[in-house]
Structures are given as C-alpha cells and as structure tokens.
Amino acid sequence: MPSVADDLALVRHMLREVLVGREDPEGYFAMCLSILGHQETLSQFASIIKPLSTANIHLHSILTSIYQEYFSKTEDDEMELALALSLLQMKDQQMATSNNEPTPLQFGVTDCPSCFHQPDVVSNHQGKNCLEVTPGREANSYSVLTGTEEGQPHINQKTGQHKNTHINSDAKQTPETGQSPQISGSSASFSVPGMSHEGDHITEDLNTSDKPKRSRNRRQRRKGTHQQLVGLPCSPSTPPPVVLWFRRDLRLCDNPALIRSLELGAPVIPVFIWSPKEEEGPGVTVAMGGASKYWLHQALSCLCASLEKIGSHLIFLRASGEGNEVGSSLHVLKQLVKTTGAQTVMANALFEPWLKERDDAAVAALQKGGVVCRMLQSYCLRDPYSVSTEGVGLRGIGSVSHFMSCCRQNPGSPIGVPLDPPVSLPTPAHWPQGVPLDALGLARMPRRKDGTTVDWAANIRKSWDFSENGAHARLDSFLNDGVYRYEQESGRADASNTSGLSPYLHFGQLSPRWLLWDAKGACCRSPKFQRKLAWRDMAYWQLTLFPDLPWESLRPPYKALRWSTDRGHLKAWQQGKTGYPLVDAAMRQLWQTGWMNNYMRHVVASFLIAYLHLPWQEGYRWFQDTLVDADVAIDAMMWQNGGMCGLDHWNFVMHPIDAAMTCDPNGSYVRKWCPELSDLPDELIHKPWKCPASMLRRAGIVFGQTYAERVITDLEERRTRSLQDVALVRREFGQYVDKRSGCDLLPLPPRLVSEALGRSHSDEAVVRGGRQFLLPLITRMEFKYQQEEPEADAASNPYNATLKGYVSRRRDETVAFLNERDFKTSVMYESAQRQGRLERDYRRIEGLPSSPSPRGRARRTPTAKDRFSIVPGGAVTLLK
Ligand SMILES: Cc1cc2nc3c(=O)[nH]c(=O)nc-3n(C[C@H](O)[C@H](O)[C@H](O)COP(=O)(O)OP(=O)(O)OC[C@H]3O[C@@H](n4cnc5c(N)ncnc54)[C@H](O)[C@@H]3O)c2cc1C
C-alpha cells in the first residue's frame, strides 16, 4: 500500500513530464486528483507546483488557474473531470503496455551504459513514455535523470523529490513562527535571485524547528542527493559523442555541463585541456602558481578516479600555447571533434575576462564548424556579467552590502537547485588519444644536483584530501560542528573555525550552489558564512569590471605611492623570518600547507603593506604562487583593498603583535608553526624580544640564529611614514580626491558609466571625447584626516586604523582572563577600551573637554556630525 509520501513523490516526479511537454496541465491535474484524492490535492497542489514558479511561470499560472477553477466548481462539472480521469487511465494502460516491452526508453536500466536516453529525442516517442504511473508502486525503484535545466527543478527520482520540494515538505511539519522569510540587511544571508522563494522558505523552516531536527533535515537532503542518477538506456543507433570539457568544475555533483551532456543521450568524452598560456592571460596574473597547480594535479587524478567508478574516463590533453590558434585549446578541441566525430561540446563557464574571451571565441569557431558548444553557469552564484548597479546606484561600491543590493535589485537567472551526480556515464566506442596526467607537468618537483627530488608538497599532501568526497566531508563536518564557532569566532588562528573549503570552491570540486543549499539547511543559521559566497561573487564581478585588477592599482594616486624595494624584507616575509612570531607563523603555515585563514591573511598583508612598505603586488604574487586556493579574482580584490587602492578600503591595519589578542591569545598557533619559540610563556610569545636574557637562554632562543631578528623595530614610525606617503600622493593627484568629502575618486569603467547614465553598454557616446567619469569611493578616515594634517604622525591621528590590543601587562592578563571565559565579549570589551583611549588622546591633544559619549573610530555609516565618514552619493562626477 503506497503511503501518502510515495504518492506525493510520484506526482512531483510527474511534474517534469508537464514541464517537458509530455503531459498536458489538465491531464496532470487530473492525475493528481486520482492519485492524491480530493483533500490531499486541495492542500498539497500549490506546494507541488511551486518549483514551477521559478522554472516556468507561465505553466505555473496555468496549473494554478486549473486548480482554482476546479476547487470552485459545482458538481455539474464533475463530468468533465471524470472524462479527464478516464483519459488518464487510458494513458496509464498504454504506458503499462509499453513498459512490458523492452523499449529503448525504459528508465533505471543500466545494462547498456553506452546507450542513453536523450530527453530531446523523447518527443519522438510521445505516448510511449515508459514511466510507471501507477500510484507509488514503482516510484522508489526509479532512478532517472530529469529536470536538469538550469534553474529548473531537478527531481531526484528515487525520492521522487527534488531538493526544493523535499525541504518544502519538511517545512510543512515544522511550526510556523511568523518570522519573516525575507533576508536582508547586514546580518542577512546572501539573498540570491531564484533562491529567494525556495531558499527563504528553507531558512524560515529550518530556523523554526529544533536543532537536531534541522540537522536531520540537512542530512536527509544530502542522503537524497547521493541516491544517484543513472543514464537512460538505450538507443539502438548511438548518436555522435559529446565532448565534456572539464575546467574548474572538477566534480560530479551539481555539474550542469555533465548533466546536460548526459541528457543528450550520447556517449560522453570527458576531457581536460591544460593550456597554461591561456590561463595566465595578459599582465602578470600568476593565475596558476606552484601550489595551485599541485592541487589541480591531485584534483584531476581524483576526478579521473571518480569517472572511472562510473564507467568513464578523463582524457588529458595539452595545448602547447604558442599564442596562435595552433596550440590553443580551440585547436585541441577542433582536433578532438574531428577525430571523435563529436557534434557537441559542453562546459561550465569561467569568468576571468581573458578566459571568457577565449571561450567566446571557441564557441563561435566551433559553432561555425557546425559543432554545438554550450557554456553553462555554475562557477558563481550569479553570472558576474549579469550583475548590474541599476536601481542601486554606485554609492558604497566595493562593499559587499552594495553588491548584494545590486543582486537583489536586479535578479538574474534563478540559481536553481543542486544537481545529483550520475551513477554511470555512456562511453564512446573509441576513446581519443590523450597524454598521461604527469605529462601536463602540474606537479613537477625540482631535482637536486644529486638527482633526488625536492618534495615541497609533502606537507600539502598531508594537510588535505584533494577529492570531491574530501570536499563534502569537510563541508559536512563544518556544517555539523564548526559553523557554530564560525559565526562567533572566525578570526581565531589557533582553532580551525572556518570551513577550509576555498581550494575546493576554486577548482569547482564543490559548487557554490551546493554549498549555499547545505548552509541554508545547516543546524545553525550561518548568515556570516553565507555572505562569504557573496564576497566570492563580488570578486568576480570586480574582475569583470576591471580586468587589470591583478596588477594595476585601481585608485590612480596610489599608483605613484613610494614603495620599498628591499628584497631582504620581502624574502623574510615570504619565508616567515620577519622576527614577528604571528606573521612568521602564518607565512610558514602558508608555505607548508598552502593555506591560512582570512584573519591571518589580513595580518600578513597589513604587515607587508603598512609596515614593510612593500607593494601589494608582491604579496599578491606570492599568494598566487603558494596558496592552494589561489584565485585571481579574490586574491587581487583583497590585495587591492589591503593595498589601499581597491574599490574598498580596509578600515583597519592589523598590528603584528596586538592582532594576536584576537586570534592567538595563548600562543598555541605560534607554538605550532614556530616551534623554536614554544618554551616562551604565553604573555611574551608574541614579542620574544621583550623576554629577559635568562628566559631566552632557557628557551634556547638566539636571535639571528635559532629565531630571526626583527626586520623592523620602529613600527609606529613606519605606520606614520605610510600615512604620510598616502597623504603625499593624494595631494599630488588632487584631481582624484573629492574636495568636499575628501574621498578618493575612481575613473569609472564604461560598463558602470552606462549603467549610471541608463544607457546601453555599447553606446560609445557615454565615454567619447576622452572625458572621464569619476566616482567617489569609500575612503579610510585616517587618510582624510592626514590630508589635512600631512605632517601628523600615526599616533596623533584620531582615526588611526591600527587595531591595537595589548598595552600593559595588566591588560594582557585581563584580556587573557576574558578570552578564556567569553571570547566575543572580551574582544568587544577590548575594542571599546581602545576607542575610549583614542578618543581621550585626541581630546587631550586638541585641548578639548572630555566627552561622555565615545565616538566610533572608523565608522562606515555616514553621520551628519562626522564629515570624514561621508561618502558622497552615487552620482557620477565628470572630470573637468
Ligand atoms: C590578502 C588576502 C588574499 C586572499 N586571497 C584569496 C585567494 O587567493 N583565494 C581565495 O579563495 N580567497 C582568498 N582570500 C579570502 C579568504 O581569506 C579566503 O577565501 C578564506 O580564508 C578561505 O578559507 P575558508 O574556506 O575557510 O573561508 P570561509 O571563511 O569558510 O569562507 C567560505 C568561502 O567563502 C569565500 N570567501 C571567504 N572570504 C572571502 C573573501 N574575503 N572574498 C571572497 N571570497 C571569500 C571563499 O571561497 C571561502 O572558501 C584572501 C584574503 C585576503 C585578506
């Protein structure tokens, strides 16, 4: 006896049939009535068809009106319904008959992995649909591939549900709290177009239920997704193969290009083409440094193994990259198409402007040769080329809140629901010739003179599981446990409180969509974490707006900043030998594992820029070479912001000693990565030069021998110089500083100009005549102040952005005590103290009476009282 859940699963599954036109809306509604009965249809139908509200609004409204019309019918109309039902029964019989014959359209059969059903061809077999529609009977034995259109519901046939509906049906069981499902504001999760209905619904649902249950919901959903999909057998005449071009989407789960290839019902040839020259693009992007190439090698090896498990294989190819067409990816693809007879190439899009250009050219050239080439979007939640500032303006550009407003205001295509992985992949009769993975040279190790290998990646190997499963395991463990701490204490260096998913996201071993779905279903709300995905998208958006982001300072005056050329300092920073334990620990962690957390990236970046005065590009390049998650867009955006010249300004500078208060109060992080300091007491481990000689002796520390001498000692002076240098260039390039507000002005790229002026991007009139349009940007208040007091030192700048912590032994102890009890309160207490101190100093210097209400040091929110905090509105200023 089928349960109600089975019945619901079946009708949900059948929704796909309506969507692809194999079932008409009336017939479908009648079928729902016959399967679910009057009452159940009345209560459930709206939720059953809800996925269509994003996937196919027209169909959704037809079904809604049928539903409304039916339930307002008089009994006279029952005749019509009976007719519809009898028609349905006839259809059922027809299908049941066809099911008895071994037709090529039978679902769930994997005997013939090389022959797959092609949904596009299904229309040729109208009426022969072999889906068993007898209520609930066989539904659980089906495992078919359907609904994989971008943004369309993807129905897991084993459960009979797709992720949306699964969650929605869960939602039904949880009590309503009346909480608004709308997510907005700074504490909000990233509200993504197309996600807003389903996603918000989930948030609402999950937030209202008890924790264990919420966690169970997520697990169930995941379990559902692991009930895998199989291809659809079996076409007697095998169509030409599809080339599935893997790039940075090295996964089986939620891979639109893979699923779309499967849907074509043709043999699939998965390929990876290594083309370093194309990856690199123009300028000095260091798009693929040593560590990330190593990761790529491992990830490819894992993907190949996963494909082999489902009966397929990954072909490795190399484009020699001579800069002309011969030796390009396009050339390799053309050869491949020629030798295999493939007529379709599928891939997931990449958004680096130079890669997009390459892909656009490849698509055009292949199409010209009669080969269909499709680029699907899954690398970001939003296609960065579709993000627009229309209706939001430009004020606050560079901040994630501004970016999220743009996404909310201009919803693009729906992000849809994650796609399940296939359990088998149809193979071609003949595989094309590839090269061994090793021949790509991604994991080449240098050799010593004696012939032995320098295995610099040994620790990276120990630190990571490079596989897609590894990504899911990390995600699961993070969402089950770490996410609680993330929301509270993501800045800790001494605990792994962040997800550590960045390399998986970068190489597409985990899709952001999958991550977002799971995060929304996690045991605890994770707005801060989800917001990080908006940061990620924003980085790609910025790169599309400013393709030279990785090498050229965006704010013009800062291009002329006086930077140090001290190679010794740079080397010390790179090798973790600056003599500042926190910085050294982080840089050594980076070298050994290819990763460090966000807070530590800020610490080392601040040290390089504000204290060593080395150009941000040096930091960017080193990160690109050593990070396993090296990502041109994110890395460049962050270094630009840290380097004071990006769309945003960090409104803080991390102090190399005091930052430890937040991230490593007990010194355990430093002890791990700088073991030579491990015998120092907690209170001195971050400043060993303050230790008495006897203590150093006991700990076995000799500066310059067992541990580095400090490369610089005059921290305050260096900060002052950095500030004064900024004031200098801002004065020199006064045309790029807004006279009224003191904000930096940025020449706008044409796309933003046309959006601001409401004209089409292609309208050249917008920027004709060499006139520049300038936009006031968020600018650090300490720079504005310094501009007025160019000779002032950093300490006397009331907006000094240095995050300070320890000033006395007594406070050290208080901080350590509070840290142990309640870390968050401790940090808040500490920052309140700091603000009070700054305020008092300022007033003392200015001879002002002391103020009862402390003023914020670096507020972002403009207030009428504080002229330095003003960022003028988004109006575009024309350069005279
Ligand atoms: C100077 C500097 C350079 C950086 N370079 C890179 C880089 O090359 N590649 C990279 O992935 N991240 C970079 N980041 C951002 C961030 O530090 C890392 O994404 C994060 O530390 C990765 O760890 P996680 O996965 O545990 O992050 P979580 O905090 O768990 O975040 C989850 C995911 O969100 C994304 N994310 C997090 N923070 C940011 C951010 N600020 N901007 C954009 N996306 C973000 C990442 O994909 C990350 O994996 C950089 C940050 C700084 C300050």
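1. Let's start with the domains. The chain is assigned domain 1 (4-226), domain 2 (242-435) and domain 3 (556-714), with bounds taken from an automatic or database domain assignment. Please keep in mind that this is a predicted model, in which local features need pLDDT of at least 70, side-chain atom pairs count only at pLDDT 80 or more, and totals for chains, interfaces and linings use all residues. Residues are numbered from 1 along each chain as its sequence is written.

2. Domain 2 and domain 3 have C-alpha centres 36 Å apart. Their contact draws on 13 residues from domain 2 and 13 residues from domain 3; two residues are in contact if their C-beta atoms, placed from the backbone, lie within 7 Å. On the domain 2 side that touches domain 3 there are six nonpolar, six polar and one charged residues. For these classes, Ala, Val, Leu, Ile, Met, Phe, Trp, Tyr, Cys and Pro count as nonpolar, Asp, Glu, Lys and Arg as charged, and the others, Gly among them, as polar.

3. Now to the ligand. It is surrounded by 28 residues, and the closest are T498, S499, S502, K532 and D635; a residue is near a molecule if its C-beta atom, placed from the backbone, lies within 6 Å of it. Two or more residues of this shell come from each of α18 (502-506), α20 (527-545), α24 (598-611) and α26 (632-642). Helices here are DSSP runs (H or I, at least four residues), numbered from the N terminus. By class, the shell holds 12 nonpolar, 10 polar and six charged residues.

4. One of those shell helices, α26, also packs with α25 (residues 616-626): their axes come within 9 Å and cross at roughly 150°. Axes are lines fitted to C-alpha atoms, for helices over the stretch in contact, and angles run from 0 to 180 degrees between N-to-C directions. The contact joins W616, G619, Y620, F623 and Q624 of α25 with D635, A636, W639, Q640 and G642 of α26. Its residues are five nonpolar, four polar and one charged.

5. Another shell helix, α20, meets α15 (residues 400-409), with axes that come within 10 Å and cross at roughly 85°. α15 and α20 are therefore roughly perpendicular to each other. Here V400, F403 and M404 in α15 face R531, A534, W535, M538 and W541 in α20. This contact has seven nonpolar residues, no polar ones and one charged.

6. A last pair to look at is α13 (residues 329-340) and α14 (residues 353-368), packed at about 30° with axes 10 Å apart. α13 and α14 are therefore roughly parallel to each other. S329, L330 and L333 of α13 make the contact with R358, A361, A362, A365 and L366 of α14, giving six nonpolar, one polar and one charged residues.

Methods
Angles under 35 degrees count as roughly parallel, over 145 as roughly antiparallel, 65 to 115 as roughly perpendicular and the rest as oblique.
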